[in-house]
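The sequence and the structure are shown first.

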Amino acid sequence: MLSRHDREATVNPSDGPIGDRHDILAEIRRRYGSLRKFARLQDMDPSHFSVALERPYPKAEKIISDCLGIPLPQLWPDRYHADGRRRRNASRADGRRAIQK
């Protein structure tokens, strides 16, 4: 397992946006070993984080951002404005919009 210093030094938050689910998952695996171990440490089911990697899920996105020490807009530039506000109708994985009745 990586030391705290190594975990924090893996990705530099001042670098450009990550924005790719595979890069985010790779960073979680580098720091925590697996998504399952990461989820266990957060006392959540791993499916919550899997969903967040595919489509907007604010609660899980915030936890990932906080644990990696990388701002939300850098992790998901298509979901968040540079100032951290959520974008309206943030991108969905399949491009569909919610049906309103």
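Which residues in α5 are buried? They are Ala60, Glu61, Ile63, Ile64, Ser65 and Leu68. The model is a predicted one, and the values below are computed from it.

**Overall make-up**

The chain has six helices and zero strands. Read from the N terminus, its elements run α-α-α-α-α-α. Of the 101 residues in the chain, 31% are buried. Taking contacts between residues at least 6 apart in sequence, 43% join residues at least 24 apart.

**The nonpolar core**

The largest nonpolar core contains 21 residues, and Ile24, Phe49 and Ile64 have the most contacts inside it. Two or more residues of this core come from each of α2 (21-32), α3 (35-41), α4 (46-54), α5 (58-68) and α6 (72-75).

What does Ile24 touch, apart from its neighbours within four places in sequence? The contacts of Ile24 are Ile18, Leu53, Ile64, Leu68, Leu75 and Trp76. Among these, Leu53 is a buried residue of α4, while Ile64 and Leu68 are buried residues of α5.

In α4, the buried residues are Pro46, Phe49, Ala52 and Leu53. Viewed down the axis of α4, these buried residues fall within an arc of 120°, so they line one face of the helix. An α-helix has 3.6 residues a turn, so residues three or four places apart point the same way. The buried residues of α4 pack against α2, α3 and α5.

For α5, the elements that cover the buried residues include α2, α3, α4 and α6. Ser65 is in helix α5 and has a relative accessibility of 6%, so Ser65 counts as buried. Leaving aside neighbours within four places in sequence, Ser65 is in contact with Ile70, Pro71, Leu72 and Leu75. Just after α5, Gly69 has a positive phi of about 70°.

How do α4 and α5 pack, in angle and in distance between axes? Their angle is about 95°, and their axes are 8 Å apart. An angle from 65 to 115 degrees counts as roughly perpendicular, and α4 and α5 are therefore roughly perpendicular to each other. On the α4 side, the contact is made by His48, Phe49 and Ala52. On the α5 side, Ala60, Glu61, Ile63 and Ile64 make it.

**Salt bridges**

Side chains of opposite charge can pair when their charged atoms come close. The count of salt bridges comes to seven.

| Salt bridge | N to O distance |
|---|---|
| Glu54 and Arg21 | 2.6 Å |
| Arg31 and Glu27 | 2.6 Å |
| Lys62 and Asp66 | 3.0 Å |

Glu54 and Arg21 form a salt bridge between their side chains. Glu54 is in helix α4 and Arg21 in helix α2, so this pair ties together parts that are 33 residues apart in sequence. Glu54 is partly exposed, at 36% relative accessibility. Arg21 is also partly exposed, with a relative accessible area of 27%.

The salt bridge of Arg31 with Glu27 is made inside one helix: these residues are four apart in helix α2, and therefore separated by about one helical turn. Are Arg31 and Glu27 buried or exposed? Arg31 is buried, and Glu27 is too. A network of salt bridges links Glu27, Arg30 and Arg31.

Lys62 and Asp66, whose side chains meet in a salt bridge, are four residues apart in helix α5, so about one helical turn separates them. Lys62 has a relative accessible area of 42% and is partly exposed. Asp66 has a relative accessible area of 48% and is partly exposed.

Conventions
Residues numbered from 1 in each chain as written. Predicted model: local features only at pLDDT ≥ 70, side-chain atom pairs only at ≥ 80, totals over all residues. Heavy atoms only, no water. Core = buried A, V, L, I, M, F, W, Y, C linked by side-chain atoms within 4.5 Å. Buried < 20%, exposed > 50% of the residue type's maximum accessible area, 1.4 Å probe, protein only. Contact = heavy atoms within 4.5 Å. Salt bridge = Lys/Arg side-chain N within 4 Å of Asp/Glu carboxyl O. Arc of directions from axis to C-beta. Axes fitted to C-alpha atoms, helices over the stretch in contact; angles between N-to-C directions. Parallel < 35°, antiparallel > 145°, perpendicular 65-115°, else oblique.
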